[in-house]
Structure formats: C-alpha cells, structure tokens
Amino acid sequence: MDQRDRIAALFDQAADSYDQVGVELFAPIADRLVRELAPQPGERAVDLGCGRGVVLLRLAAAVAPTGRAVGLDLAPRMVQAAGDGAAQAGLAVDLVVGDAQSPDLAAG
C-alpha cells in the first residue's frame, strides 16, 4: 500500500464523523473562504480536497443555478459523504475521486 492509499484509507475511516464532532470549526472557516472568493452565479468552482463538502456545498450554492461546483477528494467515502450532503441540500455538484496533487479534471 503506497502513501496515497494509506491517506485515503485514513480519511475513509474518518468519513462518518469528520467535521461532525460538534466542534464549530469547519463551517466558519468555510463561510469565510467562500466569502473571500466571492463566487458568482454562473461561475465554475473546484474544491480540491473537498472532504465531506463543507466548502463545496457553499460554493455550489453561490454559483447556482447556472454555475457548477466540482469536488475532488482522495478518499471515496469522503466523496460519497459530499454527494449525500449535496443531495440533502438540493445542490448539484460534480464529484471525483482523485489526487489533488495531479487532478484529472476536464478543462474549463
């Protein structure tokens, strides 16, 4: 097992509770990051290392309804959790299991 596989496995194990432990840390950081980026409706946004989607979902809401947000993460269970969160929020996102060090994303 190489280092990337070990990292993905670690985050897969943490996927169910990652950023869900009752500590208000991730949401304020995500809010500030998206506020600083100031994405607009119709734009495309990419969240590399999206985890469960705390930033991704905010980006998706900001670029909706005509824009698109893409989330990429190394851990498949994190990507699944991000997809579940997007579905619960009624947001459309594109999700990719991949490595942020060499993302394989379509141009544009």
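Helices here are DSSP runs of H or I at least four residues long, numbered from the N terminus. By that count, F11 sits in helix α1, residues 3-14. The model is predicted.

F11 has a relative accessibility of 31%, so it counts as partly exposed.

**Helix α2**

Helix α2 covers residues 26-37. Its twelve residues should span 16 Å at 1.5 Å a residue, and the end C-alpha atoms are 16 Å apart, so expectation and model agree.

Three residues of α2 are buried: A27, A30 and V34. Viewed down the axis of α2, the buried residues fall within an arc of 65 degrees, so they line one face of the helix. The helical repeat gives the background: an α-helix has 3.6 residues a turn, so residues three or four places apart point the same way. The buried residues of α2 pack against α3, residues 54-63.

What follows α2? A38 does, with a positive phi near 50 degrees. A38 takes this positive phi although it is not a glycine. The residue belongs to the loop between α2 and β1, where β1 is residues 44-48. With a relative accessible area of 40%, A38 is partly exposed.

**Helix α4**

Helix α4 runs over residues 76-89. The 14 residues should span 20 Å at 1.5 Å a residue; the end C-alpha atoms are 20 Å apart, so the helix agrees with expectation.

The buried residues of α4 are M78, V79, A81, A82, G85 and A86. They cover an arc of only 160 degrees around the axis, so they sit on the same side of α4. Cover for these buried residues includes α1, α3, β2 (68-73) and β3 (93-97). On the other side of α4, A87 and Q88 are exposed. Just after the helix comes G90, with a positive phi of about 70 degrees.

**Salt bridges**

How many salt bridges does the structure hold? It holds five.

| Pair | Closest N and O atoms |
|---|---|
| R77 and D16 | 2.6 Å |
| D94 and R68 | 2.8 Å |

R77 and D16 form a salt bridge. R77 lies in helix α4 and D16 in the loop between α1 and α2, so the pair ties together parts that are 61 residues apart in sequence. R77 has 37% relative accessibility and so counts as partly exposed. D16 is exposed, at a relative accessible area of 58%.

D94 and R68 form another salt bridge. This pair links distant parts of the chain, with D94 in strand β3 and R68 in strand β2, 26 residues apart. D94 is partly exposed, with a relative accessible area of 28%. R68 is also partly exposed, at 27% relative accessibility.

**A cis peptide bond**

Which peptide bond is cis? The bond from A64 to P65 is, with omega near 0 degrees. P65 is part of the loop between α3 and β2.

Definitions and conventions:
Residues are numbered from 1 along each chain as its sequence is written. This is a predicted model: local features need pLDDT of at least 70, side-chain atom pairs count only at pLDDT 80 or more; totals for chains, interfaces and linings use all residues. Side-chain values use heavy atoms; hydrogens and water are left out. Helices (H or I, at least four residues) and strands (E, at least two) are DSSP runs, numbered from the N terminus. The expected span of a helix is 1.5 Å times one less than its number of residues. Buried means under 20% relative accessible area, exposed over 50%, partly exposed in between (1.4 Å probe, protein chains only). The arc is that of the directions from the helix axis to the C-beta atoms. Contact means heavy atoms within 4.5 Å. A salt bridge is a side-chain nitrogen of Lys or Arg within 4 Å of a carboxyl oxygen of Asp or Glu.
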